[in-house]
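Please examine the structure shown here. The paragraphs that follow explain its pockets, its nonpolar cores and a few individual residues.

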Amino acid sequence: MTFPSTIDWHFSRFADLTPFDLYDVLAARQNVFILEQTCLYPDIDGYDLDAHHLLGWRDVDGKRQLAAYLRVLAPGAKYDEMSLGRVVTTPAARGSGAGRALLDQGIAHAEALHPGHRIRIGAQQYLERFYASFGFETVSAPYDEDGIMHIDMLR
């Protein structure tokens, strides 16, 4: 199966997500962060309710499938800066450029929502070069979070 390159982006508040969209988001986060990466942690952490959510959809064989997702938190919600989190590209979309497109869209939406604020991410350390290519700079020593080494980065 070839994954199409066109992504249909939807950016919305939690209350505007349909139950079906929310189901797909939570399933993707669970499949990647908890099952694939074998991390037992509370994915439903209270931040989703006030976040803006970016969902990237593709049509695959006549069916809409979630390709990529992230959430944007306002300054002060988790950090002094605004933040991007729960950044995920689904296994079927990996290698298609969906991750780069997700970050491009996510940064643009975040900066439009909160102009003049920096963006902080808690990144998995192995993705440091990927995030650096978007202008993020490492601002912490590596630390273990749920069994995976992370670093804090700012843009």
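In this predicted model, the second largest pocket is lined by Asp24, Ala27, Ala28, Asn31, Trp57, Lys63, Arg64, Gln65, Leu66, Thr90 and Pro91. Helix α1 and strand β3 are the elements that give two or more residues to this lining. By class, the lining divides into 5 nonpolar, 3 polar and 3 charged residues, and the volume of the pocket is about 190 Å³.

Two residues of that lining, Trp57 and Arg64, are also touched by Asp21, as is Leu55, when residues up to four places away in sequence are not counted. Asp21 belongs to helix α1. Is Asp21 buried or exposed? Its relative accessible area is 11%, and because buried means under 20%, Asp21 counts as buried.

The largest pocket has a volume of about 880 Å³. Its lining comprises 42 residues, and Phe33, Val87, Gln124, Leu127 and Tyr131 are those that lie nearest its centre. The elements giving two or more residues to this lining are α1, β3, β4, α2, β5, α3, β7 and β8. Of these, β4 gives the most, with 7 residues. The lining has 22 nonpolar, 11 polar and 9 charged residues.

Attention now turns to the interior. In soluble globular proteins, nonpolar side chains tend to be buried together. The largest nonpolar core here has 18 residues, and those with the most contacts inside it are Leu84, Ile119, Ile121 and Phe136. At least two residues of this core come from each of β3 (63-73), β4 (82-89), α2 (98-113), β5 (119-124) and β8 (148-154). The most is given by α2, with 4 residues.

Which residues does Phe136 contact, leaving aside its neighbours within four places in sequence? They are Leu84, Leu103, Ile107, Ile119, Ile121, Tyr131, Met153, Leu154 and Arg155. Tyr131 is also among the residues nearest the centre of the largest pocket. A second, separate core has 14 residues, including Phe33, Cys39, Val88 and Ile148. Phe33 is likewise one of the residues nearest the centre of the largest pocket.

The backbone also deserves attention. Most residues other than glycine have a negative phi. Thr38 is not a glycine, yet its phi is positive, about 45°. It is placed in the loop between α1 (19-36) and β2 (52-60), and it is exposed, with a relative accessible area of 66%. Arg86, also not a glycine, has a positive phi of about 50°. Arg86 is found in strand β4 and is buried, with a relative accessible area of 16%.

Definitions and conventions: Residues numbered from 1 in each chain as written. Predicted model: local features only at pLDDT ≥ 70, side-chain atom pairs only at ≥ 80, totals over all residues. Heavy atoms only, no water. Core = buried A, V, L, I, M, F, W, Y, C linked by side-chain atoms within 4.5 Å. Buried < 20%, exposed > 50% of the residue type's maximum accessible area, 1.4 Å probe, protein only. Contact = heavy atoms within 4.5 Å. 1 Å grid on protein atoms, 1.4 Å probe; cavity = no way out; pocket = protein on both sides within 12 Å on 5 of 7 lines; lining within 4 Å. Points joined across faces, edges and corners; volume = space filled by probe spheres on them. Nonpolar A, V, L, I, M, F, W, Y, C, P; charged D, E, K, R; others polar.
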